[in-house]
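This report describes the fold, the helix packing and the aromatic contacts of one protein model. Please consult the sequence and the structure shown here alongside the text.

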Amino acid sequence: MTQNELAAQISARLSVLMTEEVASLRTAIGHLDAERRALESGDVDTLPVLAARKSEVYGRLAQLGDARTALLARAGVKPAKADIDALFASGPEWTACRKPFADLLELAREAHDANLANGLMIRAQMKSSQQALAVLMSAAEQASTYGPDGQSMARTSRRSFGSA
């Protein structure tokens, strides 16, 4: 097999692989958008289902990424953007890879940004929940107790302040 034939074969496989990665990233972004809507609306019941779906897609993306890295290695290229750009510009056999690669980079940035935004919302909601819980716990500790006669009894602290 000549070098050009090998390059054409790798290029064809790489183009198909990256097109599948793009489709998987679009699916992941759809799950991230659904997660954002659920977080905004307070629909926490759907979050575990979405997390499982995202996990499944991310697993597939990892497999595809590993396969892409292996194909790039067969082409003699490291999985760095500059090296990949140089490879795809090196000859006409690589033309079919340019668009899927550009789409892949754009969607990866979009997914990254959506994931960060969702993480910020989750952290803000967790902080709010923790603060509300602290207020409730404080109120419960200060709640009055009643004696057998129905009169309010002062609560004594169970904490020892020292002894003589």
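Which residues of helix H3 (residues 81-88) are buried? They are Ile 84, Leu 87 and Phe 88, where buried means under 20% relative accessible area, exposed over 50% and partly exposed in between (1.4 Å probe, protein chains only). These residues lie on the same side of H3, because they cover an arc of only 95 degrees around the axis; the arc is that of the directions from the helix axis to the C-beta atoms.

## Basis of the model

This is a predicted model, in which local features need pLDDT of at least 70 and side-chain atom pairs count only at pLDDT 80 or more, whereas totals for chains, interfaces and linings use all residues. Residues are numbered from 1 along each chain as its sequence is written, and side-chain values use heavy atoms, with hydrogens and water left out.

## Overall architecture

The protein chain comprises four helices and two strands, arranged along the sequence in the pattern α-α-α-α-β-β. Helices (H or I, at least four residues) and strands (E, at least two) are DSSP runs, numbered from the N terminus. Of the 164 residues of the protein chain, 27% count as buried.

## Packing of H1 and H2

Two packed helices are described by the angle between their axes and the distance between the axes. For helix H1 (residues 3-41) and helix H2 (residues 47-74), the angle is about 160 degrees and the axes are 9 Å apart. H1 is therefore roughly antiparallel to H2. Axes are lines fitted to C-alpha atoms, for helices over the stretch in contact, and angles run from 0 to 180 degrees between N-to-C directions; those under 35 degrees count as roughly parallel, over 145 as roughly antiparallel, 65 to 115 as roughly perpendicular and the rest as oblique.

By class, the contact of H1 with H2 has 20 nonpolar, five polar and nine charged residues. Here Ala, Val, Leu, Ile, Met, Phe, Trp, Tyr, Cys and Pro count as nonpolar, Asp, Glu, Lys and Arg as charged, and the others, Gly among them, as polar. Ile 10 is located in H1 and counts as buried because its relative accessibility is 2%. Between Ile 10 and Leu 71, 61 residues apart in sequence, the C-alpha to C-alpha distance is 6.5 Å.

## Aromatic pairs

The structure holds two aromatic pairs. Rings of Phe, Tyr and Trp (its six-membered ring) pair if their centres lie within 6.5 Å; planes under 30 degrees apart count as stacked, over 60 as edge-to-face and the rest as tilted. Phe 88 and Phe 101 form an edge-to-face pair, with 5.5 Å centre to centre and 85 degrees between the planes. This pair links distant parts of the chain, with Phe 88 in helix H3 and Phe 101 in helix H4 (residues 95-142), 13 residues apart. Both Phe 88 and Phe 101 are buried. Ring pairs join Phe 88, Trp 94 and Phe 101 into a cluster.
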